[in-house]
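Subject: Structure handover

Hello,

Here is the structure for you to look over.

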Amino acid sequence: MNTMFRKSMLSVAGLAFAGGVFAGPVAAHANPVDAKPVAVAVQTNAPKPQGDQSHITLNDDQTANVKAIIAATKKAGLPERAAVISIATSLQESKLENLGHLGDMNDHDSLGLFQQRPSSGWGTPEQITNPEYSTTAFLKGLKQVDGWQDMPLTDAAQTVQVSAYPDAYAQWEQQATDLVGQHWNS
C-alpha cells in the first residue's frame with residue numbers, strides 16, 4: 001500500500017475516532033430502547049438495508065419529528081433518499097426525540113434529533129433543538145459527501161456524523177424507508 005494513501009486513511013480513521021470520542025458516548029448513556037429485529041422487505045428502487053434491522057414504536061412527538069425531517073428535506077429540494085438517511089440517523093442518535101441537555105447522562109453538549117454539538121459548530125442550542133434547523137444542518141453536511149445518493153446509508157450518515165459507532169445507522173434503514181414511504185406524500 002502506498003505510504004501517502006496509508007497515511008491519509010490513518011488520518012481519516014483518527015478523525016473518525018476522535019469525533020466519536022467527543023460525540024459518541026451519548027449512546028452509551030442513553031436509556032435502552034426495545035429494539036427488535038424485524039423482517040426486511042426488499043424494494044426494487046432502494047438499496048437493500050444492511051444487516052439485522054431494528055424497529056421501535058413511535059409516539060406522536062416522534063412521528064411529528066419524522067414529518068418535520070421530511071418537510072425540511074423537501075424544502076431543501078432533496079429526494080426521498082436524503083429523508084431516509086436523515087430519519088435513520090435520528091433514530092440512531094435520539095430515537096427521533098428532540099433531546100435537550102442530558103445532564104449527568106451526557107458529559108458533552110450534544111442536543112436535538114441528531115445529537116449535534118454547539119461546540120462543534122452545528123449551531124446554538126436553540127437552533128439545534130429546532131427540528132427544521134437541525135435537519136437542514138444535517139442535510140447541508142450530507143450534500144457535501146460525494147456520492148451520498150449511491151453509498152450505503154450507514155456510510156453516508158457516518159461521514160456526516162463521525163460517530164464512535166459508525167455501523168449503527170444501518171439497523172434503522174428499513175424503518176426509515178417505511179416512514180418516508182408512509183409520510184412523504186402526506
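Predicted model: local features only at pLDDT ≥ 70, side-chain atom pairs only at ≥ 80, totals over all residues.

The core

The largest nonpolar core has 31 residues. Within this core, I85, I87, L142 and W148 touch the most other members. Five helices, α3, α4, α6, α7 and α8, each supply at least two of its residues. The top contributor is α4, which gives 7 residues.

Leaving out residues up to four places away in sequence, I85 touches F138, L142, W148, L153, A156 and A157. In general, nonpolar side chains of soluble globular proteins tend to be buried together.

α4 against α7

Helix α4 spans residues 80-94, and α7 spans 153-161. Their axes come within 10 Å and cross at roughly 65 degrees. Angles of 65 to 115 degrees count as roughly perpendicular, so α4 is placed in that class relative to α7. The crossing is right-handed.

On the α4 side, the contact uses R81, V84, I85, A88, T89 and E93. On the α7 side, it uses L153, A156, A157 and Q161. By class, these residues divide into 6 nonpolar, 2 polar and 2 charged.

α6 against α7

Helix α6 covers residues 131-143. It packs on α7 at an angle of about 110 degrees, with the axes 9 Å apart. That makes α6 roughly perpendicular to α7 as well.

From α6, the contact residues are F138, G141 and L142. From α7, they are A156, A157, V160 and Q161. This contact has 5 nonpolar residues, 2 polar and no charged.

α8

Is helix α8 largely enclosed or open? It is largely enclosed by the rest of the structure, because 8 of its 11 residues are buried. The helix runs over residues 173-183. The buried residues are E173, Q174, Q175, A176, T177, L179, V180 and H183. Among the elements that cover them are α3 (60-75), α4 and α7.

Best wishes

Definitions and conventions: Residues numbered from 1 in each chain as written. Heavy atoms only, no water. Axes fitted to C-alpha atoms, helices over the stretch in contact; angles between N-to-C directions. Helix = DSSP H or I, 4+ residues; strand = E, 2+ residues; numbered from the N terminus. Parallel < 35°, antiparallel > 145°, perpendicular 65-115°, else oblique. Contact = heavy atoms within 4.5 Å. Nonpolar A, V, L, I, M, F, W, Y, C, P; charged D, E, K, R; others polar. Buried < 20%, exposed > 50% of the residue type's maximum accessible area, 1.4 Å probe, protein only. Left-handed = near helix turned anticlockwise from the far one by under 90°. Core = buried A, V, L, I, M, F, W, Y, C linked by side-chain atoms within 4.5 Å.
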